[in-house]
Amino acid sequence: MWKETRDREFGNLRPNSFVNRIATARISSIQLSNYKEIVSSHRGSVDSLQVDLTEGRYLLAGAADATVAVYDVQRATNYEGGGLIAKHKSVFVINKQHENGHKYAVSSAIWYPIDTGLFVTGSYDHHVNVWDTNTTQVVQNFKMPGKVYKIAMSPQARSHMLIATGTEDVQVRLCDIASGAFAHTLSGHRDGVMSLEWSTSSEWVLVTGGCDGAIRFWDIRRAGCFCILDQSHSQLGRRPPLLSRMTTNKKSSLAGQSSNEKVRAPQRKVPNGNALKLYSTGRVSSHVKTSKQRLHPGMLSSHDRATGHYGVVTGIKGTNDGMYLLTAGSDSRLKLWDIESGCNTLVNFETKRLQSTKAIQMAVSHDSALAFIPCMTTVKVFDMWSGQTKGTFRGHYENVNCCWYNAQDHELYTGGNDRQILVWSPSKIISDEMDEWRKGQQTADAVDRDNWSD
């Protein structure tokens, strides 16, 4: 760490490279925090976690006892252990006794993407509520036809305020906060929708995972889905970086131009003059004359029944660049998909067992190099591109349901059936780092010392 700091100070390291190296070093040292503790206010399993996207300060949690709580993860409520352990109690809690509180389990709780003044909750009581954070009152309410499994809002949205809801019904409903009504429904799944997520690269694209094993891509501006992932379509590994692909395409285009220059088309003279006119000696095939009809996936029965998992799709998480999609299923499989080609990249994740009875919330690091996956009572850290296990976090006594990675503080928050919210943070400065820092300081002092110093 101190070496990178010194290189950045002397201008040997670019700012972006410096930030990435520090972040990578901090992530590699994540462990169960011994200086920060969240005092859980829940009496049921914690099923949903999210830190606000504007300040990175407030943690929103939803639990099976119908409670919703907000925690300040940056400012401690009090300190214990001689001031070494920071206790973070809830800022406020909404439970069943609240006049507008949910009656059954809160399955999903999310912040309004651009402001902490609103948050949204979905519950098994068939309701999606939009809350005013300052007054803790419901400002919008949407009645659903069944249990609400998952809700999501697009962090990229600038033209709409839609809440995508996945329920035990086969249709995905889009709730409009601005009008207080349903914008429209997305039909295609043959069973309930347990997981969904908006694209990180487009405000119009929604990805849903159903209990029928299907993973569908929707453009909400048009009817029907435009892509269904098929686990039988695969490619080996990730595609090459954009720069190398551009170089390859440029070389191929140059080669094509050179070949075209060598082979000239036959020419003939025009009767009225000396000009030459190109003409084709071959016959144009019928499939070139008529443009190929573009069929909607819903019109192809074989493709419409394609599945991404052998069972329920329990989790969906896209990479931050919007190029890949990580999915989890009740078949205890993790799959990484190339969104551009729609193919399974065949990355072999070393998983043992995943939950199959409820949705799980996965997380990825700031550079999408690591994936944090709830695996029963543990949280496993996988390399996104090789599938190798980089670490295993053990701290919960029962199954882990949700993860959230805070890119601002490089911390991971996990919630489980043991009603606890655990904080996994980078280790603080240890003696080895202090010794290295002292050596660096001595070297710097020796370099900066004036010639006339005693």
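**Figure 1. Strands β9 and β10 pair in the antiparallel sense.** In this predicted model, 5 bridges hold the pairing of β9 with strand β10, residues 118-123. Ile110 has Val120 in β10 as its bridge partner.

**Figure 2. An open sheet is built from 4 strands.** The order is β9-β10-β11-β12, and the pairing is antiparallel. β9 (106-111) and β12 (137-143) stand at the edges. Each has a single partner strand, so one side of each is left without a neighbour in the sheet. On average, neighbouring strands of this sheet are turned by 20° against each other, direction ignored.

**Figure 3. Phe119 and Trp131 form one of the 10 aromatic pairs in the structure.** The ring centres of Phe119 and Trp131 lie 6.0 Å apart. Their planes meet at 5°, so the pair is stacked; planes under 30 degrees apart count as stacked. Phe119 belongs to strand β10, and Trp131 to strand β11 (residues 127-132). The two residues are 12 apart, and the pair links distant parts of the chain. Phe119 and Trp131 are buried. Both also belong to one aromatic cluster, together with Phe92 and Trp111.

**Figure 4. Phe349 and Phe382 form an edge-to-face aromatic pair.** The distance is 5.8 Å centre to centre, with 85° between the planes of Phe349 and Phe382. Phe349 lies in the loop between β26 and β27 (363-364). Phe382 lies in strand β29, residues 378-383. Phe349 is buried, as is Phe382.

**Figure 5. Lys147 places its charged end over the ring of Tyr124.** The charged end of Lys147 is 5.2 Å from the centre of the Tyr124 ring.

**Figure 6. Strand β25 is largely enclosed by the rest of the structure.** β25 spans residues 334-338. Of its 5 residues, 5 are buried, so the strand is largely enclosed. Both faces of β25 are covered. One side carries Leu334, Leu336 and Asp338. The other carries Lys335 and Trp337. All of these residues are buried.

**Figure 7. β24 and β25 form a hairpin.** Strand β24 covers residues 324-329. β24 and β25 run antiparallel, joined by 5 bridges. Tyr324 has Asp338 in β25 as its bridge partner. There are 4 residues between the strands of this hairpin. Ser332 takes a positive phi near 60° here.

**Figure 8. β25 and β26 form a hairpin.** Strand β26 covers residues 343-344. β25 and β26 pair in the antiparallel sense over 2 bridges. Asp338 stands opposite Cys343 in β26. Asp338 is also the bridge partner of Tyr324. In the hairpin of β25 and β26, 4 residues lie between the strands. Gly342 takes a positive phi near 75° in this hairpin.

**Figure 9. The whole chain sets the close-ups in context.** The chain has 6 helices and 33 strands. Of its 454 residues, 47% count as buried. The chain exposes about 24,100 Å², and carbon and sulfur atoms supply 49% of that area. Among contacts with a separation of 6 or more, 49% are between residues 24 or more positions apart.

Note on methods:
Residues numbered from 1 in each chain as written. Predicted model: local features only at pLDDT ≥ 70, side-chain atom pairs only at ≥ 80, totals over all residues. Heavy atoms only, no water. Buried < 20%, exposed > 50% of the residue type's maximum accessible area, 1.4 Å probe, protein only. Pairing = 2+ DSSP bridges. Axes fitted to C-alpha atoms, helices over the stretch in contact; angles between N-to-C directions. Contact = heavy atoms within 4.5 Å. Areas by Shrake-Rupley, 256 points an atom, 1.4 Å probe, with all protein chains shown as cover. Phe/Tyr/Trp six-rings, centres within 6.5 Å; stacked < 30°, edge-to-face > 60°. Lys NZ or Arg CZ within 6 Å of the ring centre and 35° of its normal.
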